[in-house]
Structure formats: C-alpha cells, structure tokens
Amino acid sequence: MSATLIEQEDMPLYNRKATVLSIVITFLVITNASVIFRLYARLAIVKSLGWDDITVAAAVVSATVGNTYACLCSDYGMGQHLANLSPEMFYGWLFHFYIANACFMMSTSLIEISLLLQYLRLYIEGTLRKISIALVVIISLWGFTFAFLAWFPCFPVEAYWNWELDDKHCYGFGSKEREPFVITYQSHSALNMIFDVTVLALSIPMWFRKQRTRKEHIAITGLAVLGALIMGCALWRLAEIIKHEGGWAPVMDFTFYAPTIVILACLEVDFACIAASMPVFWPMVESGFSAIFVTKEVHIVRHHRDDGREIELESRSGRSSQTSQVTLHPKQSATTWGNSKPTWENSKPTWENSKDPSTHSVREFDPIDTYHAPSMGHGAGVNGNRNWNNDREIF
C-alpha cells in the first residue's frame, strides 16, 4: 500500500475530498432549486418581484461561486497537513480559499438583508417594522465592511496568496500575525451568529397570528426548523474557529483545520437561502400536490313528494361542473315552477331565448318522459320558490 493511501485512511472523514464534495454539492443543488422556485412563484404567479427577491438571488449567486471554489480547494491540499504541501499547492489553496471566503462574507449579509426586506412586506407599520429597517442599515454596513476586508486583504491583493512578494501590506484576513488574523475571523463569526438570531427572532410574532392557514403554519414551521439548523452551523463554526484559532492552534496548519469550517460555512448559507425561499414557494408546491393526488366526487339524490307529484333531483358536483336532472311523474298534466302554473295541452313548448342544444333542448312534452330542466342558479325555485343553494356540496 502506498504512502498516499495510508494518509487517506488516516485522514479524518470530514477532511476527505469525497466528503467535502458530496455535502457541499448536494445542498448547493437544493439551495439553487429553492431559490429558482421562489423566483418563479414571484415572477410567473404573483408577478411582483421585490428587492427581497433580488437580494436572495444575489446571495445564491455568491454562494454558488463560493461553494464551487470551496470544492476546488480540495484539489490544492485542503484536508492535508500544510507540511506535506509544496509551495505551489499551498499558494493554489490560498487563492481558491480567498475567493470562497470573500463570497461567504457577501452571502451571509445578503441573505440576512433579504429576510429583513421580506419582513417589511408583512410588517406594514409598528415597532417591528422600525426594527427591521434599522437592522437592514446595520447589517448592510457590517456586510460591506467585512466584504471589503475579504476582497482586499492585502495591497496588492495578489500578496494574499503569493507570500513571496516583497512590497506588500496585509491586514485582517490577510494578516501574517496571529492575533489580528484570529480576531478578524472570530469577530465576524460572532456578529454573524448574533445577527442570525436577531433576524430569525423577528419571525416569532408570526406564530401568534390569528386565523393562520395550514399552508402558513407549515411554512413557518419549516422556517423555524431551518433557523435551528442555521444556528447550529453558526455555533459549531464559531467553536471550531475558537478551538483552532483560525488554523494557528495547536500548531499552524491552515489546510488541515479548514475543511470543517468550510463545510459549516457552506451549509449555513445554504440553509439561510432555503429558509428565505420556502415561505414563498411552498404554498405553490403544496397546491400542485393537492391538484395531482386529491380527487373529490359527491353524488346527491333527493326525493320530495308534494300533492301527488314526485320530484327527483339528482346532482353530481365536482370541482368545475354541475348538472341537474328533474324527473316528473304528475298525476295531472300541470306542474308548478315558482309562482306560475302553466298548463300543458298537447303543445310543443320551447324555452325562450335558447336555440343552443348544449344549454336547453326543444322537445315534445310527455308527462311520463324525463327531460333535462334548465340549469337552476341561485334563487331558482321549485315548489314555492324554494332555494336549492344549500343542497349543493362545494369543494
């Protein structure tokens, strides 16, 4: 067995390339599908695209780029010990991690802003609306600051992944000193978790809304479950950053400690995008399943006797059609419709204003025969203006 295979067997499960790719790609596909369903619901059904939709679309684009580069980091030594990498491999890992980290900083702020803008659709006035507006401003400033630090960690930027440059100035995420490097990562992770808790807490009043529909209940429950997953990923990622001090402890080994933090960062953004999209597209999905799998048919037969006349009403009601059939067996050649009493005497009556055989038929009267009466709407009467509106089942 070669030394490379021995190293692969001794490598922790979450450090292996197959683990990183399977987790990151799977949830990235689900995230993109969720956002696409959301945008379809807003564009094709609701036909009302808002700023919250634009920001969640920007967040998923940023997350897709970041997750892609996170997967490519595995080709440049992520998960392996730094001492075993060549300078070229290490510089390649730094470049791909630079893109992934900068995209992550953008995605976290964009998705939180999207959720807050979505709350503004619900909270038209009051304290919650003011809090949402204030958080939009604060998180926008926070996101812009850390995104700038991530995209410009050094001057020139190339110095972040090319440590051989002489004339350079690095700080924050690009600092070569332990303390400022660790403080930058820990401060962003801690603030990100605090903002996640605050933003998701603003959805709690929705649980106490009166007359909440079943679809709204499912959507809010799903949002709470995803919110718990987001909090779990954020807390776990912060614990890993504190434990290994961003890759400096117990020894400086950035590539070996990175996989867990990278996977959790990708999952955190993915769950946030799904949580922001589910309340929008889930009613559409549930309605689609109901239309496919649910079928209702009601067969109602009523018998009524009045003065020797037997009237049978047969009604079949479905989702979109209803027909009525009346059978008359009078003992005398007279029937009552409403308050009028027409007499049938060997004539061939016709229904007025109707020549369309699909609506009413013109036929010879036979007291024993069965014919289709004209469709009775609301207020159509039989036997003394009786209203049959309550005899129909509506679904």
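Because the model is predicted, local features require pLDDT of at least 70 and side-chain atom pairs count only at pLDDT 80 or more, while totals for chains, interfaces and linings use all residues. Residues are numbered from 1 along each chain as its sequence is written, and side-chain values use heavy atoms, with hydrogens and water left out.

The account begins with the nonpolar core. This term denotes a set of buried Ala, Val, Leu, Ile, Met, Phe, Trp, Tyr and Cys residues joined through side-chain atoms within 4.5 Å. Burial is judged by relative accessible area: buried is under 20%, exposed is over 50%, and partly exposed lies in between, with a 1.4 Å probe and protein chains only. The largest such core holds 74 residues, of which Trp 93, Leu 116 and Ile 139 touch the most other members. Helices H2 (17-46), H3 (51-72), H4 (87-122), H5 (127-151), H6 (178-201), H7 (214-244) and H8 (254-293) each supply at least two residues of this core. The largest share, 17 residues, comes from H4. Helices (H or I, at least four residues) and strands (E, at least two) are DSSP runs numbered from the N terminus.

Several residues show how H4 is placed. Contact here means heavy atoms within 4.5 Å. Neighbours within four places in sequence aside, Leu 116 is in contact with Ser 132, Leu 135, Val 136, Ile 139, Val 199 and Leu 202. Thr 108 is found in helix H4 and, at 3% relative accessibility, counts as buried. Not counting residues up to four places away in sequence, Thr 108 touches Trp 142, His 188, Asn 192 and Val 269. Ser 107 also has its place in helix H4 and is buried, with a relative accessible area of 1%. With neighbours within four places in sequence left aside, the contacts of Ser 107 are Ala 59, Ser 62, Ala 63 and Val 269.

Two of the helices may be considered by length, where the expected span is 1.5 Å times one less than the number of residues. H3 has 22 residues and reaches 32 Å from its first C-alpha to its last, close to the 32 Å expected. Its buried residues include Asp 53, Ala 59, Ser 62, Ala 63 and Cys 71. The buried residues of H5 pack against H4 and H6; among them are Ser 132, Leu 135, Val 136, Ile 139 and Trp 142.

Aromatic pairs come next. Rings of Phe, Tyr and Trp (its six-membered ring) pair if their centres lie within 6.5 Å; planes under 30 degrees apart count as stacked, over 60 as edge-to-face and the rest as tilted. By this rule the count comes to 22 aromatic pairs. Trp 248 and Phe 254 form an edge-to-face pair, at 5.6 Å centre to centre and 85 degrees between the planes. Trp 248 is buried at 15% relative accessibility, and Phe 254 is buried at 10%.

The cysteines supply a covalent link. A disulfide is a pair of cysteine sulfur atoms within 2.5 Å, and the count comes to 1 disulfide. It joins Cys 154 to Cys 170, with an S to S distance of 2.1 Å. The torsion about this S-S bond is about 115 degrees, so the disulfide is right-handed. Cys 154 lies in strand E1 (residues 154-155) and Cys 170 in strand E2 (residues 169-170), so the pair ties together parts that are 16 residues apart in sequence. Both cysteines are buried.

Finally, the structure holds 9 salt bridges, each a side-chain nitrogen of Lys or Arg within 4 Å of a carboxyl oxygen of Asp or Glu. Asp 53 forms one with Arg 121, the closest N and O atoms being 3.5 Å apart. Asp 53 lies in helix H3 and Arg 121 in helix H4, so the pair ties together parts that are 68 residues apart in sequence. Asp 53 is buried at 0% relative accessibility, whereas Arg 121 is partly exposed at 35%.
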